[in-house]
Amino acid sequence: MDQSSIAAVLGKIDFEVFVLTAADRDRRNGQIVCWVMPATIVPQVPRVIVGVGRMSYTRELIEASRKFALNLLAKDQWSWVSHFGFRSGRQVDKFATVPFERGITGSPLLSGIVGYLECEVRSVLDGGAHLFYLADVLEGTLVADRDPLRLHQLFEVLPPEDIETMKRLLEQDIPRDLSLL
Ligand SMILES: Cc1cc2nc3c(=O)[nH]c(=O)nc-3n(C[C@H](O)[C@H](O)[C@H](O)COP(=O)(O)O)c2cc1C
């Protein structure tokens with residue numbers, strides 16, 4: 001296996017950047033996710049698949065409520081990447097200073113986003129380090145018809161210290177994930 005040529009192909013795949021949110025009773029949280037994919041072609045039965053890290057606090061809330069929301073970030077909302085993606089809600093209340101509304105699933109909905117999807121879990125594939133949630137989309141709203149933020153753009157729009165942090169976190173997470181695969 002040639003790891004670098006595999007990485008070169010995988011590196012051609014870009015992803016939109018979302019804040020995945022969930023709530024269970026008085027707990028609420030959100031994290032950055034990029035692994036989001038539509039999972040039907042049938043408009044009457046919209047579904048998505050989302051890959052969520054085993055250790056994430058948001059996943060704990062999804063397991064409890066079986067519901068979540070996907071907030072699709074706009075290109076100018078890059079500052080949410082460090083806020084929701086660099087630390088865990090187990091250490092800090094990420095919504096303490098962030099205005100939000102609650103959707104029909106009780107999950108937080110952010111302002112200024114391109115749109116959101118509210119979802120209910122149907123089944124789960126255990127990939128070891130990540131769990132892949134197949135979910136019915138219960139409701140969705142296009143809030144503003146703007147360009148979404150994409151993973152590859154982060155290297156252009158994030159401040160250099162955030163790019164360094166992102167690389168450092170990735171290097172920390174790889175050995176942990178390897179032990180879970
Ligand atoms: C650009 C970026 C993309 C990410 N994509 C995912 C993803 O697709 N799935 C995932 O589980 N975590 C992803 N993460 C990591 C989580 O957002 C991160 O581990 C977060 O701190 C978990 O927060 P929580 O413990 O409060 O839920 C990503 C992080 C960044 C910075």
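Helices here are DSSP runs of H or I with at least four residues, and strands are runs of E with at least two.

**Figure 1. Overall fold of the predicted model.** The protein has five helices and nine strands. From the N terminus, the order of elements is α-β-β-β-β-α-β-α-β-β-β-β-α-α. The radius of gyration is 16 Å, close to the 16 Å that the globule rule gives for 181 residues, so the protein is as compact as a globular protein of that length. The C-alpha trace spans about 45 × 35 × 35 Å along its principal axes. Of the 181 residues, 27% count as buried. Among contacts with a separation of 6 or more, 71% join residues 24 or more positions apart.

**Figure 2. The shell around the ligand.** The ligand has 20 residues around it, and Gly53, Thr58, Gly85, Ser88 and Gly89 come nearest. At least two shell residues come from each of β2 (27–33), β4 (47–53), α2 (57–65) and α3 (79–85). Strand β2 gives the most, with four residues. By class, the shell holds ten nonpolar, nine polar and one charged residues.

**Figure 3. Strand β4 and its pairing with β3.** Strand β3 covers residues 36–38. Three bridges join β3 to β4, and the two run antiparallel. Met37 stands opposite Ile49 in β4.

**Figure 4. Strand β4 and its pairing with β9.** Strand β9 covers residues 130–142. Seven bridges pair β9 with β4, again in the antiparallel sense. Val52 stands opposite Leu131 in β9. Strand β4 also supplies at least two residues of the shell around the ligand.

Definitions and conventions
Residues numbered from 1 in each chain as written. Predicted model: local features only at pLDDT ≥ 70, side-chain atom pairs only at ≥ 80, totals over all residues. Near = placed C-beta within 6 Å. Nonpolar A, V, L, I, M, F, W, Y, C, P; charged D, E, K, R; others polar. Pairing = 2+ DSSP bridges. Rg over C-alpha atoms; globule rule 2.2 N^0.38 Å. Buried ≥ 20, exposed ≤ 12 C-beta atoms within 10 Å, placed from the backbone. Contact = placed C-beta atoms within 7 Å.
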